[in-house]
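Subject: Structure handover

Hello,

Here is the structure for you to look through. My notes on what turned up follow below it.

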Amino acid sequence: MTRAVLSLGSNLDDREANLRGAVAGLGDAVRAVSGVYETPPWGDADQPFYLNAVVLAVDPAATSRDWLDRAHRLEEAAGRVRDPERRFGPRTLDVDVIAVWDDDDRPVVSDDPELTLPHPRAHLRAFVLRPWLDIQPYGQVPGHGWLYELVRAAPVAADLADLRPREDIHLDS
């Protein structure tokens, strides 16, 4: 069995529907879904605000590569178009594999350029850490520490002020 934390983000078209589609596309693998947060764009400010959430998923047969393939299929189903000229540009759906744990509950570590695990910048991003904290209050980013400590550290703590909880949106219902 593998367990994965996936980060979901959308800032084009029907953002809520895009996130709902991703959760639905993961099917029975979904174990927990965070609250939804509206966040300013990261890396390229000239675009709409994002809706972000985090999903905890489990699949007895999935490898870390399988989680990446699922992420790409979900993005394609939402009509995502990758613009190589605009790495942090707008997107209908962005699904990042943040961390994966193996059968023995050990974190999977990978330096493959296509799938670096844990995600190399997750520990610096409030829009990943804050929703993840919703579903795993005692979770850890492998190699970086406890979620509750990471959200208090700079630069994440400063970015928390920019996250707006969307209590009107529930992806697990």
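One definition first: a helix here is a DSSP run of H or I with at least four residues, and helices are numbered from the N terminus. Glutamate 75 has its place in helix H2. Please keep in mind that this is a predicted model.

Stay with glutamate 75 for a moment. Is glutamate 75 buried or exposed? Its relative accessible area is 3%. Buried means under 20%, so glutamate 75 is buried. Which residues does glutamate 75 contact, leaving aside neighbours within four places in sequence? They are Arg80, Arg82, Leu93, Asp94 and Val95.

Next, strand S5. S5 runs over residues 94-101, and seven of its eight residues are buried, so the rest of the structure largely encloses this strand. S5 pairs with strand S1 (residues 2-10). The sense is antiparallel, and there are seven bridges. In one of them, leucine 6 has valine 97 of S5 as its partner. In general, side chains in a regular strand alternate between the two faces of the sheet.

Now the nonpolar cores. The largest one holds 28 residues. Trp67, Val97 and Leu171 touch the most other members. Several elements give two or more residues to this core: S1, helix H1 (15-26), strand S4 (50-59), helix H2 (64-77), S5 and strand S7 (115-117).

Not counting residues up to four places away in sequence, leucine 171 touches Glu16, Leu19, Arg20, Val23, Val33, Val36 and Ala53.

Helix H3 covers residues 126-135. Eight of its ten residues are buried, so H3 is largely enclosed by the rest of the structure. The buried ones are Ala126, Phe127, Val128, Leu129, Pro131, Trp132, Leu133 and Ile135.

Last, the largest pocket. Its volume is about 970 Å³. The lining is made of 40 residues. Which of them lie nearest the centre of the pocket? Arg80, Arg82, Arg91, Asp94 and Asp96 do. By type, the lining divides into 17 nonpolar, eleven polar and twelve charged residues. S1, S4, H2, S5 and S7 are the elements that give two or more residues to the lining. Which element gives the most? S5 does, with four residues.

Best wishes

Methods
Residues are numbered from 1 along each chain as its sequence is written. This is a predicted model: local features need pLDDT of at least 70, side-chain atom pairs count only at pLDDT 80 or more; totals for chains, interfaces and linings use all residues. Side-chain values use heavy atoms; hydrogens and water are left out. Buried means under 20% relative accessible area, exposed over 50%, partly exposed in between (1.4 Å probe, protein chains only). Two strands pair if DSSP finds at least two bridges between them. A nonpolar core is a set of buried Ala, Val, Leu, Ile, Met, Phe, Trp, Tyr and Cys residues joined through side-chain atoms within 4.5 Å. Contact means heavy atoms within 4.5 Å. On a 1 Å grid over the protein atoms alone, a cavity is a set of points where a 1.4 Å probe fits but cannot get out, and a pocket is an open set with protein on both sides within 12 Å along at least five of seven lines; lining residues have an atom within 4 Å of a point. Grid points are joined across faces, edges and corners, and a volume is the space filled by probe spheres set on the points. Ala, Val, Leu, Ile, Met, Phe, Trp, Tyr, Cys and Pro count as nonpolar, Asp, Glu, Lys and Arg as charged, and the others, Gly among them, as polar.
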